[in-house]
Amino acid sequence: MRLHSDFPCDSLCGFFLQKAPYHTNKLSNLPFSRMCCLVMVVSDIIFNISDVLALPIFKQEESNLPPDNENKILPFQYVLCAATSPAIKLHDETLTYLNQGQSYEIRMLDNRKIGELPEITDKMVKSIIRVVFHDRRLQYTEHQQLEGWRWNRPGDRILDLDIPMSVGIIDPRANPTQLNTVEFLWDPSKRTSVFIQVHCISTEFTMRKHGGEKGVPFRIQIDTFKENESGEYTEHLHSASCQVKVFKPKGADRKQKTDREKMEKRAPQEKEKYQPSYETTILTECSPWPEVTYVSNSPSPGFISSTHNSFPVPEGNGSPTHQPEPVVPVPEVIALVSDNLLPVATPQDAQQWLHRNRFSPFCRLFTNFSGADMLKLTRDDVIQICGPADGIRLFNALKGRVVRPRLTIYVCQESPEARDQKHENGDAATNTFFIYHAIYLEELTASELTEKIAQLFNISPRQINQIFKQGPTGIHVLVSDEMIQNFQDEVCFILDTMKDDSNEGYHIILK
């Protein structure tokens, strides 16, 4: 312990006694030597704290924050339509409680001055909304946390867009490998409101389940980008975020009420130390969120719609700096041998089979599964891992199940020899062996039947003018869509052809 020579001990003692009037009676009874020791301890602590605050780690934390400029007007403002908690002290960041699965509006406001950012006038910008961890400890293990959540909630998403409620958003997208991220385009000059739903609760990421009040806080962050010269939205414009906690349905309302009642019981002097509750939450400016590093290594076939909404999403990049992932090469030998997954398939072969059959989002879950491992999975196992929709599809693909066509008919072309023998003997079936071909129909239309017959005999559909069905007493009945829809399944026909004298086409007769 050191005593600073430029600060005399007796002066420091007097200063300490002057600044601590409530403890003067107790301290004045101490001997002067013990008082000097106490003062030296206090002074040493004060100077040590100042040294700690000057360490580079704290300077680095400050450098990551955006510059503090009270007069700076931000180009955009995002307002979450949910009340802030009244139990937050002054100068602390606001905290907002949300209900799981409930739609909350975020108003996207254009806050530019006249003439500011003219390059985005009458143009679209892209915003990416994320739900991320507030605690730094959980941010370091975010990949593991999200993978664990995906395993426990297969087929679900952490963040969704409520498309029917939203106004002014264009081309919304949800990447299947990023459960906590959505993105969309919007025009700053027009009214834009996006409604979001958070499907995870704060207690799902705590070591011990204490209930909603002990859950970890999240952050809702919005990053906005403009187009570059290549037409890609990679140039950062603005970022803002707010702190939230997510409760089970109605839990946020109960928590807000509890905080309000606690504040009402406090003394007026205590209330002054806390922020009032505001009806909306304004997202404050922050640094851009770094590029996601926990995206699945498996290539994605493109973006898909979220679980709770259906909207068209063309293929494209899912984040400002996301590069198209390389296509995994598929060995031709495996592709030619069988489209079914074989028990002898290695884990690498199983991964390629998943890619070919459009199960790329689940490749990470089956990283170490061989063909035999996957074929041993029961239907319930696959549904629990992948969710009901994709689970049933994957199970059917594993078992090699083919969707049954709506209608199957068997046709055979009548040869000239069989026709002549029929005229001579009156019965062609007794002496002639016919080979039939199966035709599978899904649309049950005459045009579909025409195309299938043309494919079967390697001719152009244009060469078939009409298709007739031989009716009672040998009459020719024109085949229509309604007639095909009334065909019995697996009915047999002999095809006879008749030259059309008006052109080079043919008429097909079903006998």
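Hi everyone, this is a short tour of a few spots in one protein model.

A word on the ground rules: this is a predicted model, where local features need pLDDT of at least 70 and side-chain atom pairs count only at pLDDT 80 or more, while totals for chains, interfaces and linings use all residues. Residues are numbered from 1 along each chain as its sequence is written, and side-chain values use heavy atoms, with hydrogens and water left out.

Let's start with Ala 438, which sits in strand S14, residues 437–441. Helices (H or I, at least four residues) and strands (E, at least two) are DSSP runs, numbered from the N terminus. Beyond its neighbours within four places in sequence, Ala 438 is in contact (heavy atoms within 4.5 Å) with Ile 409 and Tyr 410. Val 491 is 53 residues from Ala 438 in sequence, and their C-alpha atoms are 10.0 Å apart.

Next, please find helix H10, residues 347–356. Its buried residues are Ala 350, Gln 351, Gln 352, Trp 353, Leu 354 and His 355. Just after H10, Arg 358 has a positive phi of about 65°.

Finally, the cysteines. How many disulfides does a search of the whole structure find? The search finds zero, a disulfide being a pair of cysteine sulfur atoms within 2.5 Å. For Cys 242, the nearest cysteine sulfur belongs to Cys 286, 9.8 Å away. Cys 242 is buried, since its relative accessible area is 2%, and Cys 386 is buried with a value of 1%.

Note on methods. Buried means under 20% relative accessible area, exposed over 50%, partly exposed in between (1.4 Å probe, protein chains only).
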